[in-house]
Every structure is written in C-alpha cells, then in structure tokens.
Amino acid sequence: MTGPKKHSGFTLIEVLLALAIGGTLMTAIMVHVFSLSNIWMNSTGGDFFKQHVDGVTLFLRNALSLSEGLNEEEKAAPVNWDRPPGYSDLDEPLLTFRLKESPALYVWDGLPRPAVTSHIYFRERDGLSLLWYSRLDEVEDLNDVHRTHVSPYITEMTYCYYDRETDNWDLYDKPEKDREGQYLLPDFIKLKFEYEGEVKEIPFYLPPRSQDVPIF
C-alpha cells in the first residue's frame with residue numbers, strides 16, 4: 001500500500017531566487033548595451049554608428065513605454081512637460097517621464113536609484129542627455145539633479161504634432177503652444193543622429209496615443 005502522493009512545487013526561496021536571477025539578467029543586458037558605447041566610439045568598424053543608434057533607440061523606447069504618472073489622475077499622461085528642480089518659470093520645460101525602477105544607466109554612488117523622474121535634455125552642441133533624480137531623495141536645485149549623457153551624435157530634436165483637421169503632421173524644432181500659452185505635448189519626437197556624414201532619423205512615440213492618430 002502506497003502513501004499519499006507528494007505534490008512537487010517551488011519553495012518560496014526558489015521563487016525569490018528565480019526573480020533575483022531574472023532581475024540581474026535584465027540589468028546586465030542594459031549595462032552591456034551602454035558599456036559598449038565607449039568601445040564603439042573608438043572602433044574603426046563600419047557597424048559602430050548603427051550599433052550606437054540601435055542601443056540608444058532600444059533604451060529610450062523601453063524607458064518611454066514603461067513611464068507612468070505619479071497618481072491615478074496622471075496615468076493618462078505618463079509623459080508630460082515639467083521643469084527640473086532649480087528651473088525658473090522663464091526656462092523652457094522639458095519632456096518628462098517617470099519610472100518605478102531606474103534602468104542600469106541610472107547609478108549613483110554605485111547603487112541604482114528607484115522612483116526616478118527623468119527630463120529629456122537636448123542641446124545641439126552636446127547631443128542628448130537625461131536629467132534625473134530619485135523622488136526618495138531630497139532635491140532642491142540643479143546641484144541635486146544627475147545628468148547622464150546618452151548620445152553626442154544627436155544633432156536635432158524635432159517635435160511632431162498630428163493635425164486632425166488637415167490629416168497631416170506638423171514638424172517643429174521647438175515645442176508648440178496653444179492659444180493660452182500652454183505647451184502642447186507632441187505625438188512623437190524625432191531624433192537625428194549624425195556621424196562622419198552618415199545620418200539616421202529615428203521617431204520616438206510618446207504614450208498614450210489617441211486611437212485615431214496614425215502611426216508616423
């Protein structure tokens with residue numbers, strides 16, 4: 001006579017270990033993408049520029065797709081206009097997104113920072129950077145905001161607005177305002193990469209998108 005059958009399954013420790021390994025692998029992938037940038041910058045191979053553009057595109061698209069509002073009301077607008085701490089009302093606001101967990105690119109004092117707010121900061125002479133800080137830290141001015149240089153090869157940032165009346169796209173090098181002077185959120189931004197005469201233009205979708213807006 002046999003005893004009762006034992007049901008096999010994962011223990012709590014095994015589940016936690018699997019989650020930890022999965023998180024470590026994802027972090028390692030992101031670290032790998034960006035740690036190669038220095039190698040690419042000194043590479044003589046023809047794939048350097050393509051690999052750099054692909055790496056930046058992968059990071060930004062993933063970050064924007066994971067962005068979220070701070071509360072229930074803001075969930076409809078995970079990307080919006082905001083000013084970093086220390087900016088005055090006279091300074092132009094920056095496209096801003098928020099993440100629960102920081103990507104591997106965001107490290108300070110050797111540790112990743114959770115609950116981060118990121119501002120997309122473009123200057124033609126410097127390329128594209130991200131200004132960011134953890135909402136768990138005390139942040140009073142720009143001295144408390146971290147800056148991560150994403151790409152020196154981005155030479156243009158274009159704001160793309162869909163005009164429903166004309167069924168066309170309006171492209172601007174500066175963000176548009178409405179009649180009351182409020183900044184309008186674009187449907188897309190388009191980044192122009194340039195390196196030794198080679199040019200690539202990549203569109204980046206800003207969620208959420210209205211159902212009747214065509215893909216750019």
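The following questions and answers concern a predicted model of a protein chain.

User: How many helices and strands does the secondary structure of the protein chain comprise?
Analyst: From the N terminus on, the elements run α-α-β-β-β-β-β-β-β-β-β-β-β. The secondary structure of the protein chain therefore comes to two helices and eleven strands.

User: What percentage of the residues in the protein chain is buried?
Analyst: A residue counts as buried when its relative accessible area is under 20%. The protein chain has 216 residues, and the buried share of them is 37%.

User: In which order do the strands of the open sheet of four strands stand?
Analyst: Pairing in this open sheet is antiparallel. Strand 9 (168–172) and strand 11 (198–205) each have a single partner strand, so they stand at the edges with one side left without a neighbour in the sheet. Direction ignored, neighbouring strands of this sheet are turned against each other by 25° on average. The order of the four strands is 9-8-10-11.

User: Which residue is the bridge partner of Tyr162 in strand 9?
Analyst: Strand 8 (residues 154–163) and strand 9 are paired in the antiparallel sense over five bridges. Their hairpin has four residues between the strands, and Asp167 takes a positive phi near 55° there. Within strand 9, the bridge partner of Tyr162 is Trp169.

User: At about what angle does helix 2 run to strand 11?
Analyst: Helix 2 spans residues 48–65. This helix lies across strand 10 and strand 11. Its angle to strand 11 is about 10°.

User: Is the pair of Phe49 and Tyr195 stacked or edge-to-face?
Analyst: A pair of aromatic rings is described by the distance of the centres and the angle of the planes. For Phe49 and Tyr195, the centres are 5.8 Å apart and the planes stand at 20°. Planes under 30 degrees apart count as stacked, over 60 as edge-to-face. The pair of Phe49 and Tyr195 is therefore stacked.

User: How many residues apart are Phe49 and Tyr195?
Analyst: Both residues are buried, and together with Phe48 and Tyr153 they form one aromatic cluster. Phe49 belongs to helix 2, whereas Tyr195 belongs to strand 10 (residues 188–195). The pair thus links distant parts of the chain, and the separation is 146 residues.

User: Over the ring of which residue does the charged end of Arg61 sit?
Analyst: The distance from the charged end of Arg61 to the ring centre is 5.4 Å. A charge of this kind has to be within 6 Å of the centre and within 35 degrees of the ring normal.

User: Is Ala63 buried or exposed?
Analyst: Ala63 lies in helix 2. Leaving aside neighbours within four places in sequence, Ala63 is in contact with Phe97 and Leu99. The C-alpha atoms of Ala63 and Arg98 are separated by 8.7 Å, although these residues are 35 residues apart along the chain. With a relative accessible area of 5%, which is under the 20% limit, Ala63 is buried.

User: How many of the residues of strand 6 are buried?
Analyst: Strand 6 (residues 127–134) is largely enclosed by the rest of the structure. Strand 5 (residues 116–123) pairs with strand 6 in the antiparallel sense over eight bridges, and the two form a hairpin with three residues between them. Strand 6 is also joined to strand 7 (residues 146–151) by five bridges, again antiparallel. The count of buried residues in strand 6 is eight of the eight.

User: What is the relative accessible area of His146?
Analyst: His146 is found in strand 7. Not counting residues up to four places away in sequence, His146 touches Trp108, Leu130, Leu131, Trp132 and Tyr133. His146 is buried, and its relative accessible area is 11%.

Key:
Residues are numbered from 1 along each chain as its sequence is written. This is a predicted model: local features need pLDDT of at least 70, side-chain atom pairs count only at pLDDT 80 or more; totals for chains, interfaces and linings use all residues. Side-chain values use heavy atoms; hydrogens and water are left out. Rings of Phe, Tyr and Trp (its six-membered ring) pair if their centres lie within 6.5 Å; planes under 30 degrees apart count as stacked, over 60 as edge-to-face and the rest as tilted. Buried means under 20% relative accessible area, exposed over 50%, partly exposed in between (1.4 Å probe, protein chains only). Two strands pair if DSSP finds at least two bridges between them. Axes are lines fitted to C-alpha atoms, for helices over the stretch in contact, and angles run from 0 to 180 degrees between N-to-C directions. Contact means heavy atoms within 4.5 Å.
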